Amino acid sequence: MSIPSQVLAKLKILETLYQQWKSNDVINQTLDKIISQELAESRQKNQELEAEIQIFEQQYQMSSAEFSQRFHAGELGDEIDFVEWNAFYQMWITLQEQIQLLQSTDNL
């Protein structure tokens with residue numbers, strides 16, 4: 001059984017336990033800590049990516065959104081800087097979605 005499968009199996013067990021007892025402070029507190037830790041790590045990665053992205057934006061005097069549009073339209077070529085910038089920007093977009101998802105637990 002792979003690690004992701006093991007994690008999902010464990011989460012399903014916790015879900016079943018939580019539903020059976022309707023409330024479990026230990027599970028709730030533990031999940032809050034896990035989410036808080038993931039959010040802190042995601043924010044740290046976000047800062048690191050933004051620093052890398054800012055270097056490209058300053059060097060090429062262009063926002064990452066504009067760069068991405070032009071890069072994917074084939075207007076900029078495939079220089080290593082552009083490939084790297086694109087990778088950083090795509091990681092940043094994915095990370096924004098992850099941060100948003102983690103922050104959404106505040107409303108639960």
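Which residues is S64 in contact with, leaving aside its neighbours within four places in sequence? I looked this up in a predicted model.

**Entry on S64**

I found S64 in helix α3, which covers residues 64-72. Leaving aside neighbours within four places in sequence, S64 touches I53, E57, W85 and Y89. I then checked the polar contacts of its side chain. The side chain of E57 makes one with the side chain of S64, at 2.8 Å. The side chain of W85 makes another with that of S64, at 2.9 Å. I noted a relative accessible area of 4% for S64, so S64 is buried, the limit being under 20%.

**Entry on N86**

I placed N86 in helix α4, residues 80-103. Its relative accessibility is 13%, so I wrote N86 down as buried. With neighbours within four places in sequence left aside, I listed F67, F71 and H72 as the contacts of N86.

**Entry on salt bridges**

How many salt bridges does the count come to? I got 2. Side chains of opposite charge can pair when their charged atoms come close.

I found E66 and R70 joined through their side chains at 3.9 Å, N to O. Both residues lie in helix α3, 4 residues apart, about one turn of the helix. The other salt bridge I looked up joins the side chains of R70 and E75 at 3.1 Å, N to O. Through shared partners, these salt bridges join E66, R70 and E75 into one network.

E75 has a relative accessible area of 52%, so I recorded E75 as exposed, the limit being over 50%.

Methods: Residues numbered from 1 in each chain as written. Predicted model: local features only at pLDDT ≥ 70, side-chain atom pairs only at ≥ 80, totals over all residues. Heavy atoms only, no water. Helix = DSSP H or I, 4+ residues; strand = E, 2+ residues; numbered from the N terminus. Buried < 20%, exposed > 50% of the residue type's maximum accessible area, 1.4 Å probe, protein only. Polar contact = N/O pair within 3.5 Å; in protein donor to acceptor, adjacent residues only side chain to side chain. Contact = heavy atoms within 4.5 Å. Salt bridge = Lys/Arg side-chain N within 4 Å of Asp/Glu carboxyl O.
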